Amino acid sequence: MIKLSDLQIKEVIVINDGRRLGHISDLEIDGNTGKITALILIVKDKKSGLFGKAGEMVIPWSDIETIGSDVILVRERKTPSLYPGQYLIE
C-alpha cells in the first residue's frame with residue numbers, strides 16, 4: 001500500500017514527449033468502492049505572473065502507465081475532457 005504523501009513527492013511525466021506536469025496535490029476516490037479514480041495536480045498558468053491563479057489538472061487512473069520510485073508516467077490524452085481543467089494535451 002502507498003500513502004498519498006509518498007505519491008506527492010513523485011513527479012508526473014507524459015510518456016510521449018517527456019513533458020513534466022508537476023506533482024500530485026490530491027486524489028479522486030470513488031465513494032462506493034474506495035478505489036482511486038484520478039490524480040489531481042495543481043497547474044499554475046505561466047502567463048498569469050507572480051500572483052497567478054492555479055488550476056487543477058485531473059488525470060484519470062486509466063491513463064497512468066507506471067508508478068516508479070521517483071516518477072509517475074502517464075499516457076497522452078487527446079480526447080475532450082470530462083471536467084474543466086482535466087488533463088488534455090494538444
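Visitor: In strand β6, which residues are on the covered face and which on the uncovered one?
Guide: In this predicted model, β6 spans residues 71-74, with Ile72 and Val74 on its covered face and Val71 and Leu73 on its uncovered face.

Visitor: How do β1 and β6 run, parallel or antiparallel?
Guide: Strand β1, residues 11-14, runs parallel to β6, and four bridges join the two. Leucine 73 of β6 is the bridge partner of isoleucine 13.

Visitor: And how many bridges join β5 to β6?
Guide: Three bridges join these strands, which run antiparallel. A hairpin of three residues connects β5 to β6, and isoleucine 67 stands opposite isoleucine 72.

Visitor: Which residues make the nonpolar surface patch?
Guide: Ile2, Trp61 and Ile67 make a patch of about 260 Å². Tryptophan 61 lies in the loop between β4 and β5 and is partly exposed, at 36% relative accessible area.

Visitor: Changing topic: how many salt bridges does a search of the whole structure find?
Guide: The search finds four. One of them joins arginine 20 to glutamate 11, at 4.0 Å from N to O; arginine 20 is exposed, at 62% relative accessibility.

Visitor: Which residues are linked in a network?
Guide: Salt bridges link Asp17, Arg19 and Glu76 in a network. The closest N and O atoms of arginine 19 and aspartate 17 are 2.9 Å apart, while arginine 19 and glutamate 76 meet at 3.7 Å.

Visitor: Why does the pair of arginine 19 and glutamate 76 tie together parts that are apart in sequence?
Guide: Arginine 19 lies in the loop between β1 and β2, whereas glutamate 76 lies in the segment after β6, so the pair ties together parts 57 residues apart in sequence. Glutamate 76 is partly exposed, at 24% relative accessibility.

Conventions. Residues numbered from 1 in each chain as written. Predicted model: local features only at pLDDT ≥ 70, side-chain atom pairs only at ≥ 80, totals over all residues. Heavy atoms only, no water. Patch = residues over 30% accessible without salt bridge, like charges linked within 9 Å, V, L, I, M, F, W, Y side chains within 5 Å. Areas by Shrake-Rupley, 256 points an atom, 1.4 Å probe, with all protein chains shown as cover. Salt bridge = Lys/Arg side-chain N within 4 Å of Asp/Glu carboxyl O. Buried < 20%, exposed > 50% of the residue type's maximum accessible area, 1.4 Å probe, protein only. Pairing = 2+ DSSP bridges.
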